[in-house]
Amino acid sequence: MKVLLISPYIPYPPITGGKVRVYNFLKKLSKKHEIVLICLLKNTDEFKDVKILEKQGFKIYPVLRRKAWSAQNLVRTLLTKYSFLTVVNNFSSETENLILEVIKRERPDLIHLETFYMAQSLLAVRDKIKIPILLAKVDVEAQVYFRNAQQKKNPLLKLVGYIDARKMLNYEVQVCQYFDKVTFASEIDRILLTSYLKKRKISVATDLIPNGVDTKHYVPTKTKKYSKPTVVFLGNFRYFANTDAAFFFVKNIWPLITSQIDAHLYIVGPLLPKGIQRMLSNDVAKLNANNITVTGFVEEDIKKEILTKSWLSVAPIRIGSGTKLKILESMAIGTPVVATPVGIEGIEAINNNSVLVGETPQQVANMVVKLLKNKPLREKVSKNARKLVENVYEWEVIGNKLDGIYRDLTKK
């Protein structure tokens with residue numbers, strides 16, 4: 001069948017969680033279906049990434065997104081029922097027109113909408129669409145914003161955060177009723193949003209499409225570990241939940257670890273542009289120290305090398321939601337993981353078996369030190385985690401599940 005996949009970003013290069021997810025959907029599903037992609041671009045530089053995907057055989061219809069920080073967006077956020085992130089991501093007549101144009105030209109059998117951010121453009125023309133529409137959610141976005149507001153110490157910022165989170169939740173719940181099916185990346189998120197839907201007497205079919213990992217790309221090897229006990233934190237540090245986690249870990253947990261064992265920490269992943277970094281006090285680049293290396297963005301082979309040679313991986317997330325691809329990558333490559341309950345949320349890992357979990361700073365520090373000092377335990381956790389991702393989180397398995405949902409919606 002022909003599927004129109006609509007994404008809020010160009011899924012190349014696949015260096016962030018959302019891009020990795022959409023890119024793997026393209027690769028796996030194109031083996032069974034003809035996939036047509038509509039995607040938003042942040043800037044004109046991303047047209048080069050469109051060309052790369054087209055050379056790989058994908059049909060792409062890009063549309064340039066408005067600038068996020070504009071007077072128009074701020075006024076809309078303040079004076080309407082919509083949250084800032086919802087406003088930023090669309091309200092675009094160009095996108096609405098493109099969707100109708102592509103449907104007319106390509107005649108797809110199904111529309112797959114990736115994340116609810118694109119919903120406003122699609123719903124603006126919903127009455128003109130006569131084919132099934134799937135909404136694939138990766139998390140309950142409002143949950144992230146409620147947790148973020150909860151962490152704010154400034155009463156005004158806390159209030160503004162809660163107001164924006166409430167707007168996000170209202171919109172997130174309301175849009176679900178207009179889709180033929182809504183999928184979630186984890187059972188926790190499905191239960192949470194379903195409870196909100198029931199309160200508003202909204203009924204919608206749901207299913208699970210988890211995040212995944214390429215277990216043929218991320219493979220345990222016999223590469224020698226760093227000689228010094230080494231911890232790695234993978235993340236996209238342009239995302240505030242990861243920035244918050246990095247600062248919390250370095251300030252509150254890392255000293256507890258290094259007081260017990262001489263270790264080194266790698267913080268690996270994209271940073272905010274330097275112009276924005278200079279405006280912020282929580283610039284992750286500033287965390288560089290004698291026993292901490294902040295790499296910023298690195299190429300995939302370097303990331304894999306650091307991840308493989310590190311003794312363990314940490315996910316000290318406090319305000320995220322959904323399943324974290326960086327954890328799945330660590331598990332797949334054989335690097336054991338220590339996480340907070342929020343960090344491991346949505347992943348079917350068992351504490352003290354395929355992951356170690358700590359809730360307080362002292363508990364997380366104790367788990368890290370315990371693993372660093374116990375090689376047999378690291379090997380046990382590594383082996384069990386690898387088996388978990390092979391059985392549940394391999395992209396091939398997830399692609400087959402999504403294919404079944406497509407066929408159920410279209411009866412093909």
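1. Helices (H or I, at least four residues) and strands (E, at least two) are DSSP runs, numbered from the N terminus. The model is a predicted one, in which local features need pLDDT of at least 70 and side-chain atom pairs count only at pLDDT 80 or more, while totals for chains, interfaces and linings use all residues. Residues are numbered from 1 along each chain as its sequence is written, and side-chain values use heavy atoms, with hydrogens and water left out.

2. Helix α5 itself comprises 14 residues (93-106) and should span 20 Å at 1.5 Å a residue, which agrees with the 20 Å between its end C-alpha atoms. The expected span is 1.5 Å times one less than the number of residues.

3. The buried residues of α5 are Thr95, Leu98, Ile99, Val102, Ile103 and Glu106. They cover an arc of only 130° around the axis, so they lie on the same side of α5; the arc is that of the directions from the helix axis to the C-beta atoms. Buried means under 20% relative accessible area, exposed over 50%, and partly exposed in between (1.4 Å probe, protein chains only). Asn97, Lys104 and Arg105 are exposed on the other side of α5. The cover over the buried residues of α5 includes β1 (2-7), β2 (34-41), β3 (59-64), β4 (110-114) and α6 (119-124).

4. An open sheet of 7 strands, with parallel pairing, has the order β3-β2-β1-β4-β5-β6-β7. Because β3 and β7 (206-208) each have a single partner strand, one side of each is left without a neighbour in the sheet. Neighbouring strands of this sheet are turned by 20° against each other on average, direction ignored. Two strands pair if DSSP finds at least two bridges between them; β1 and β2 run parallel and are joined by 6 bridges. Leu5 has Leu37 in β2 as its bridge partner.

5. Two helices may be described against this sheet. Helix α2 packs on the sheet, touching β2 and β3, and its direction makes about 170° with that of β3. Helix α17 (residues 395-410) lies across β1, β4, β5 (133-136), β6 (181-184) and β7, at about 135° to β4. Contact means heavy atoms within 4.5 Å. Axes are lines fitted to C-alpha atoms, for helices over the stretch in contact, and angles run from 0 to 180 degrees between N-to-C directions.

6. A further open sheet has 6 strands in the order β10-β9-β8-β11-β12-β13, again with parallel pairing. Its edge strands, β10 (292-296) and β13 (356-357), each pair on one side only. Strands β8 (residues 230-234) and β9 (residues 264-268) run parallel and are joined by 5 bridges. Phe233 stands opposite Ile267 in β9.

7. The whole structure contains 24 salt bridges, each a side-chain nitrogen of Lys or Arg within 4 Å of a carboxyl oxygen of Asp or Glu. One of them joins Glu46 and Lys19 (3.8 Å, N to O). This pair links distant parts of the chain, 27 residues apart: Glu46 in the loop between β2 and α2 (47-55), and Lys19 in helix α1 (residues 17-29). Both Glu46 and Lys19 are buried.

8. Glu187 and Arg190 form a salt bridge, with the closest N and O atoms 3.1 Å apart. Both lie in helix α9 (residues 187-199), 3 residues apart, about one turn of the helix. Glu187 is partly exposed at 35% relative accessible area, whereas Arg190 is buried at 18%.
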